Amino acid sequence: MLIAIDAMGGDSGPRVTLPACIKALKHSPQLSILLVGDQQQITPFLPKKPDLLKRIEILHSDVSVAMDDSPKHALRNLKGSSIHLAVQAVAEKRADACVSAGNTGALTVISRYLLKTYPGVSRPAICTLLPAKDGECLMLDLGANLGCDADDLYQFALMGSAMAEVMQGKSSPSVGLLNVGEEELKGTELVRQAAGIMTMSDKIRYRGFVEGSDIFSGQVDVIVCDGVSGNTALKTSEGVVRFLFDQLRQGFQQSLYSRFISLLARPVLKTMRRSLNPERYNGAVLLGLQGVVVKSHGAAEVEGFYRAIVHAQRAISADLCQKVGARIEAP
């Protein structure tokens, strides 16, 4: 199994991507890595152990896509970039998957151009796991598509259902459509049209609208939304988690008594931090493409990027892309 890594992507580049790759290599003996990026910047972070080093290949690129570069500019003018070459390795069957923490728009457009979508898929969608009551749920789209129509949302529901079946082993997963309320008359005309299509479909188990406050409730297995709503909800939830633990930290430092209570509460707080840590759920698959592409959060640290690599490994092993494509093509 060979995974192409955009080593220059994200806020920290090789400082994060290389240690994450080394951790993945240590945990997965069958894994090899293709590092795509500036060799001069990559070399200082390479492992010293020969058994790890021999499983790493470097594809040099001194061109990077900046976070503020437009997707069209990246596609047309930066064909030698680390993102482009990493995705191209998948398109040319030299790699089984690509992982990048770089520019989301550029990664989406380049992946769509090089890998193509499966027949019947008009737009790829970014889908990730989220913590939920008594388990996990899937949510898509998380930023690949800023504008969608009702048919796009229905395709997202099909792809999300297929991923829940393949990756989570859920039979007939339930689907909800993110909206401002649960009542049938609420929401935009587009959302109501999508709800009508999903209600009539026998390919998914549609359960109705889901409010933002119920994303983590476990009411449904798959939550469908447009890219703006999904990305906003995801980053808001990440901010709430950080705010919550900052407030707890400040509260426990206010007095000698509160410090004592913090010692008693430490095991519970560690469990909470571990289960709610966004790094644990980092790594979102671009569903609908004819190849595995995983988007990591740009601000991810080593553990987060490592999780994105693991997510790519799981997608490869489960033949996720092919099975999602088959689900969309099925009559």
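Which helix is Leu 264 found in? Keep that one in mind while going through these notes on the model, which is a predicted one.

1. **Leu 264 and its patch.** The residue in the opening question is found in helix α10, which covers residues 256-276. Leu 264 is exposed, its relative accessible area being 57%. Together with Tyr 257, Phe 260 and Leu 263, Leu 264 makes a nonpolar surface patch of about 490 Å².

2. **Phe 243.** Another residue to look up is Phe 243, in helix α9 (residues 227-252). Phe 243 has a relative accessible area of 54% and is therefore exposed, the cut-off being over 50%.

3. **Helices α1 and α11.** Two packed helices are described by the angle between their axes and the distance between the axes. For α1 (residues 14-27) and α11 (residues 302-317), the axes come within 8 Å and cross at roughly 55°. That angle makes α1 oblique to α11, and the crossing is right-handed.

4. Arg 15 pairs with Glu 301 in a salt bridge, with 3.3 Å between the closest N and O atoms. Arg 15 sits in helix α1 while Glu 301 sits in the loop between β11 (292-295) and α11, so the pair ties together parts that are 286 residues apart in sequence. Both partners are partly exposed: Arg 15 has a relative accessible area of 40%, and Glu 301 has 37%. Worth a look as well is a network of salt bridges that links Lys 23, Glu 303 and Arg 307. The salt bridge count comes to nine.

5. **Helices α7 and α8.** Here α7 (residues 150-168) and α8 (residues 189-200) have axes that come within 8 Å and cross at roughly 50°. The two helices are therefore oblique to each other, and their crossing is right-handed.

6. **From α7 to α12.** Which residue does Glu 165 meet in a salt bridge? The partner is Arg 327, at 3.3 Å from N to O. Glu 165 belongs to helix α7 and Arg 327 to helix α12 (residues 320-329), so this pair ties together parts that are 162 residues apart in sequence. Glu 165 counts as partly exposed at 32% relative accessibility, whereas Arg 327, at 18%, counts as buried.

7. **Backbone points to check.** Most residues other than glycine have a negative phi, and most peptide bonds are trans. Lys 93, in the loop between α5 (82-91) and β4 (97-100), has a positive phi of about 65°. Asp 134 also has a positive phi of about 65°, and its place is in the loop between β5 (125-132) and β6. Lys 93 is exposed at a relative accessible area of 70%, and Asp 134 is exposed at 79%. Finally, the peptide bond from Leu 140 to Asp 141 is cis, with omega near 5°; Asp 141 lies in the loop between β6 (135-140) and α7.

Technical notes: Residues numbered from 1 in each chain as written. Predicted model: local features only at pLDDT ≥ 70, side-chain atom pairs only at ≥ 80, totals over all residues. Heavy atoms only, no water. Helix = DSSP H or I, 4+ residues; strand = E, 2+ residues; numbered from the N terminus. Buried < 20%, exposed > 50% of the residue type's maximum accessible area, 1.4 Å probe, protein only. Patch = residues over 30% accessible without salt bridge, like charges linked within 9 Å, V, L, I, M, F, W, Y side chains within 5 Å. Areas by Shrake-Rupley, 256 points an atom, 1.4 Å probe, with all protein chains shown as cover. Salt bridge = Lys/Arg side-chain N within 4 Å of Asp/Glu carboxyl O. Axes fitted to C-alpha atoms, helices over the stretch in contact; angles between N-to-C directions. Parallel < 35°, antiparallel > 145°, perpendicular 65-115°, else oblique. Left-handed = near helix turned anticlockwise from the far one by under 90°.
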